[in-house]
Amino acid sequence: MASVEFLLNGVLKRCNVAPDTSALNLLRDTLGYTGTKEGCASGDCGACTVALRDANAPNADFASVNACITPAHQLQDKLLVTVEGLETAEGLHPAQQTMIECHASQCGFCTPGIVMSLFTLYQGNALKAPFSHRVLEEALGGNLCRCTGYRPIRDAALQMQTMRWQSPVWLDAASSAAQSMPSNDPPGDALFFKSPTSLDALLTLRARHPNARLVAGATDLWLENTQQLKALNQLIDVTRVDELRHIEASDDPSRPGWWIGAAVTYTELETLFERHFPAFAHLLSRLGSRQIRNRGTLGGNIANASPIGDTPPVLLALGAWLEIAGPSGARSLPLESFFIDYKKTALQSDEVVSRIFIPALTEHATLRVWKLSKRREDDISAVLGAFHYAIDDGVLSQVRLGFGGMAAISKRALHAEAALEGQPVTQASFQAAQRALAKDFEPMSDVRGSSHYREQAAANLLERLYLTLTMPTQEVMIHAYAH
């Protein structure tokens, strides 16, 4: 057992729980707060949604997170709000009241999670700007309801804006009750949850405990516990390491771009990507739900080395580099040299991914990203293609093509790149690139698609790129997918 201290609905809690305890199990089994429900136990359905922020940052926005895959020990020094904490002496929170008035709940199982997503939306909308359809979809995209349909829930969200809520005293004064304390792990190395705050401390722990698992957003790792019932007894949390939490512009004028700390979340990347990589930003909107994006990290998606991870193909197309920190210092390598085989990387047992460098697009370069999945949102890729190129006088250059879901690792399509580099934008050029894909990949078959499907889909993405370039005034696909 190891201790964790946090504020729950304004009340200071100190609990001793195992390293692989989830915030959901802590709430329900240890503390008896059963308003938060378990549905899928994988971060998909949103029934377990709660609101979270730093207890010592009263002006910070709340983030909606999935309690089922949030490590309980990452609640340290946080303010956690559950559905039980919203009612005040003056009445229900507008999210609760409008869900009642709009008949937006039937069986009620998913309702607490929906209410908490609406709560974070309400609290974060200080200017009370009218909610657009996109804003509502963004806030509620991670909450599934099988009873009412979604119209009454959307009606509740819109009506919620017209209502005023008197915050409970504890919400405004919560930070005064929180005092930072280190994780109090028991003696010995059998069970622990370590939360270092510096890169040096992280590397020391990494060297001392080479078999311990690193955890950031836990959006993938925690499924080993909830779905495969594996014990996670030794965990090292990277989310508090200061050096991994920053986004910095390159100070090298010959190499413009951005250094992204490995523990930076997808949500924290959205502003940068919307400004400089709009196609990448659009992909993020389809990468899990808001709850997932509030927790998942770019470094975690890379180090996890899944062949269907969404961000590595895009980073490959952009020519990204990694900074890897170890006891002997830092080393850099191109991302394409990092992935070796399925779930196997160039990372040594005493090393960590510390930063990711994303080069800026050159003046004439373009990035396009297309993800194919069974559901438009909150789903894993079957095939993902990322296309980087420039066109000068009708001739292609700087061609880099990254694909996911086509091999044991995310990788560039080098033969297809060579078929396009220096060639005119013609059907013949792209047909040659489509044929060259057969030399780049021998796709796998699984539940998301057969080998034949993936071969055809990847070739069709190149066809889509050709049509996009040759018919710029026509939309090649429906708007929801077009980027």
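Buried means under 20% relative accessible area, and contact means heavy atoms within 4.5 Å. Both terms are used in the legends below, which describe a predicted model.

View 1. Helix H2 covers residues 94–101. Its buried residues are Pro-94, Ala-95, Gln-96, Thr-98 and Met-99. After H2 comes His-103. The phi of His-103 is positive, near 55°.

View 2. Two packed helices are described by the angle between their axes and the distance between the axes. Here H2 packs with H3, residues 111–124, at an angle of about 125°. The axes are 8 Å apart.

**View 3. Side by side, the residues where H2 meets H3.** From H2, the residues are Pro-94, Ala-95, Gln-96 and Met-99. From H3, they are Thr-111, Ile-114, Val-115, Leu-118, Phe-119 and Tyr-122. By class, the residues of this contact divide into eight nonpolar and two polar, with no charged residue. Pro-94, Ala-95, Gln-96 and Met-99 are also among the buried residues of H2.

**View 4. Gly-288 sits in the loop between helices H10 and H11.** Helix H10 spans 278–285, and helix H11 spans 290–293. Is Gly-288 buried or exposed? Gly-288 counts as buried because its relative accessibility is 15%, and the cut-off for buried is under 20%. Leaving aside residues up to four places away in sequence, Gly-288 touches Arg-293 and Asp-378. Glu-248 is 40 residues from Gly-288 in sequence. In space, the two are 25 Å apart, C-alpha to C-alpha.

**View 5. The whole chain, for orientation, holds 16 helices and 19 strands.** The C-alpha atoms fill a box of roughly 70 × 55 × 45 Å along the principal axes. How does the radius of gyration fit a compact globule, and what is its value? A compact globule of 483 residues would have a radius of gyration near 23 Å, and the chain has 23 Å, so the two agree. Buried residues make up 53% of the 483 residues. Take the contacts between residues at least 6 apart in sequence: 65% of them join residues at least 24 apart.

Technical notes:
Residues are numbered from 1 along each chain as its sequence is written. This is a predicted model: local features need pLDDT of at least 70, side-chain atom pairs count only at pLDDT 80 or more; totals for chains, interfaces and linings use all residues. Side-chain values use heavy atoms; hydrogens and water are left out. Axes are lines fitted to C-alpha atoms, for helices over the stretch in contact, and angles run from 0 to 180 degrees between N-to-C directions. Helices (H or I, at least four residues) and strands (E, at least two) are DSSP runs, numbered from the N terminus. Ala, Val, Leu, Ile, Met, Phe, Trp, Tyr, Cys and Pro count as nonpolar, Asp, Glu, Lys and Arg as charged, and the others, Gly among them, as polar. Buried means under 20% relative accessible area, exposed over 50%, partly exposed in between (1.4 Å probe, protein chains only). The radius of gyration is taken over C-alpha atoms; the globule rule is 2.2 Å times the number of residues to the power 0.38.
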